[in-house]
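Take a look at the chain below.

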Amino acid sequence: MKMKLILFTFTLLVIDIIFAVFTAITESAAFLSLTITAGTFFYHFAMRLLVGFIVSKHKFDANSVWFTEKPFEKKLYKMLKVKKWKNKMPTFAPETFDLSKHSLEEVIETTCVSEVVHEVIIVLSFVPLLFIIYAGTPAVFIVTSLLAAALDGIFVIMQRYNRPRLVKISKRRKA
């Protein structure tokens, strides 16, 4: 999955450069639209890879207030039926959640890292809105930003759903 995403991101960059060259040569509005669209997609994928790389270098405490389950969350997760769909979502690095390769504490740490990665990405998903001033076409930027943020919100929910259960198992094992 990792290599596919990196390759896809690089491909988006190449496509964006090609469209930009055609835009410069032809001054075509169609190629400009394609350049903006490909550039926006490239930004979203490259930013995700970069944020993941940077945040994964940090350690987090699963017991901090930020990561502890809030009173409303259980009801929310039940309403969203998280248990039914959480295992069907793709994972960038599934081996980091593998309990046969990592301790329970390491997997809990990974859920914290993953949550922070997706929370930062949610915020950075709205950076392309600044390009509305330059490029116009607000619909492209608004739709891609909202969809990207919503998608990452799903991954935050997954981590926040799984972590309390893992912490509970860890506490039981230690007792």
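## Ground rules

An axis here is a line fitted to C-alpha atoms, for helices over the stretch in contact, and angles run from 0 to 180 degrees between N-to-C directions. Helices (H or I, at least four residues) and strands (E, at least two) are DSSP runs, numbered from the N terminus.

This is a predicted model, where local features need pLDDT of at least 70, side-chain atom pairs count only at pLDDT 80 or more, and totals for chains, interfaces and linings use all residues. Residues are numbered from 1 along each chain as its sequence is written, and side-chain values use heavy atoms, with hydrogens and water left out.

## The whole chain

The protein chain has 7 helices and 0 strands. Its C-alpha atoms fill a box of roughly 70 × 35 × 30 Å, taken along the principal axes.

Of the 175 residues, 32% are buried (under 20% relative accessible area, 1.4 Å probe, protein chains only).

## Helices α2 and α7

Helix α2 spans residues 29-55 and helix α7 spans residues 138-174. Their axes come within 11 Å and cross at roughly 25°. That makes α2 roughly parallel to α7 (angles under 35 degrees count as such).

Which residues of α2 meet α7? They are Ile-36, Thr-37, Thr-40, Phe-41, His-44 and Arg-48. On the α7 side are Val-140, Phe-141, Thr-144, Ser-145, Ala-148 and Asp-152. Contact means heavy atoms within 4.5 Å.

Conventions
Angles under 35 degrees count as roughly parallel, over 145 as roughly antiparallel, 65 to 115 as roughly perpendicular and the rest as oblique. Buried means under 20% relative accessible area, exposed over 50%, partly exposed in between (1.4 Å probe, protein chains only).
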